[in-house]
Amino acid sequence: MKKRYASTWESLKEHQVPKWYEDGKFGIFIHWGLYSVPAFAPQTWELGEVPPDETWFSNNPYAEWYYNSINVGYGPSYDYHVQKYGKDFKYEQFADMWKAEKWNPAEWARLFKKAGAEYVVLTTKHHDGFCLFPSEYTDYNAWRRGPQRDIVGDLTDAVREEKLRMGLYYSGIVDWTFADDPILNNEDLFHTASPTFAYADYAYNQSMELIDRYAPSVFWNDIGWPRQGEQNLPYLLSHYYNTVEDGVVNDRFNDLFHDFTTKEYQSGSANRREKWEMCRGMGLSFGYNAMESDDKIISIEDAISLLVSTVANNGNLLLNIGPRADGTIPEEQEKRLLAIGEWLRVNGEAIYGSRCSSRESIKYTDQIQVHFTEREGALYVLIDAKGRSQVAVTVPGLRGNAIPLDPEVDAEITAVDGGLCFTVKNFGSSQNIAVFRLN
Ligand SMILES: C[C@@H]1N[C@H](CNC(=O)[C@H](c2ccccc2)C2CCCC2)[C@@H](O)[C@H](O)[C@@H]1O
């Protein structure tokens, strides 16, 4: 029986995180848009490594921030823009250069399936205000300009064809077509961006469009919601849940409500008692940065290690890809997705459908950590020994026999004073993360 939500915070608070999101564990984030044409940002820091102040915003590693990075009028992206496109070249001109001429959404969806992802989240409108769907509220969109396609609709269909969940990202509080004072610090970020009731209505109306046209399984709002529109949120969110009962929303609605909290690189907080999601690019950027070569992005081991440590602590990993403007996915990004899929094909029973164990993760050294998950009465021990070919760890308080999920893993397990000692001589194809099931 479908529950109906009233447009009140009390009613919304009854919403439970749906099983598919608890079980899914791994999603693919996609940042694709006009910024994919210049595809440039300096490779400086991870978000959270330095304070979000002028230095960060004038040397922004996020290629999808290209508009603001040139709008500040100085810094590496500004210099790049002047040199490559000329001082008078307007960002909006990228709208007629973005053709997505090689884009095949079914190919993308097949890759995400092979990667072992359970859901996908695509940008529908990023901070630059360009919409990847035929919005009634602006012609600055991919139906009228550039690709002249309903990017959101075409990818949604292809993703659902592969039986994956489709989520949509919306930049709620920042839209540089409404307010484009250069953003140089966090105060600007949360205030300059949406000064008018008109914009608050625009964001509300577009969000309703997205819900009614695509019924997304995830509504991923970014940074915040227009202050002038906060009183509309109960209407928007109850409409969302009444349209998509097993939908989920994140925690970027001015901390007013969420199904799951978010981390982004080193920013944000997570505690294992409630559901959270970790998102990051493969390099330092979400939008494609042509400068980010294979050696500059996360290694396969580190990506799998991040997935394991996130899942073991009650989180999902939303790993981003930044496709090129022509619709192809850079080989180095595809390589990582396929390797994660390979690892999950062998070790996925410890991940999908698992729940956070009462046992906390153990960090022996920087290189050796042990994580735990539980599923259908079994305890899984995930030994992460990145960068080592062999390892011996004693895990206290365990007993019984442990079977490696990967038959290629060569390990000996011996009972020692109230614990089990795992000696792994060979990690097989499991990228230095060996998983054992304890019965
Ligand atoms: C997925 C990424 N989200 C970014 C927005 N990030 C945030 O709102 C950042 C954030 C990070 C973690 C939790 C909540 C908010 C804040 C921005 C400065 C300090 C922390 C976007 O600016 C970025 O382009 C990309 O879309």
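In the predicted model, a polar side-chain atom of His-127 is placed 2.8 Å from an oxygen atom of the ligand. An oxygen atom of the ligand also lies 3.2 Å from an N or O atom in the side chain of Tyr-169, while a nitrogen atom of the ligand is found 3.0 Å from an N or O atom belonging to the side chain of Glu-264. Taken alone, the ligand would expose 580 Å², and of this area the protein buries 89%.

The ligand is surrounded by 19 residues, of which the closest are His-31, Glu-64, Trp-65, His-127 and Asp-222. With regard to secondary structure, at least two residues of the shell are supplied by each of α8 (186-191), β6 (261-264) and β7 (267-268). The space that the ligand takes up is, moreover, the largest pocket of the model.

A further residue, Leu-34, was examined individually. Leu-34 is located in the loop that runs between β1 (26-30) and α3 (54-58), and its relative accessibility is 0%; because residues under 20% relative accessible area are classed as buried, Leu-34 counts as buried. In sequence, Leu-34 and Arg-280 are separated by 246 residues, whereas in space the distance between the two, taken from C-alpha to C-alpha, is 20 Å.

Notes: Residues numbered from 1 in each chain as written. Predicted model: local features only at pLDDT ≥ 70, side-chain atom pairs only at ≥ 80, totals over all residues. Heavy atoms only, no water. Near = heavy atom within 4 Å. Polar contact = N/O pair within 3.5 Å; in protein donor to acceptor, adjacent residues only side chain to side chain. Areas by Shrake-Rupley, 256 points an atom, 1.4 Å probe, with all protein chains shown as cover. 1 Å grid on protein atoms, 1.4 Å probe; cavity = no way out; pocket = protein on both sides within 12 Å on 5 of 7 lines; lining within 4 Å. Sits in = over half its atoms within 2 Å of the grid points. Helix = DSSP H or I, 4+ residues; strand = E, 2+ residues; numbered from the N terminus. Buried < 20%, exposed > 50% of the residue type's maximum accessible area, 1.4 Å probe, protein only.
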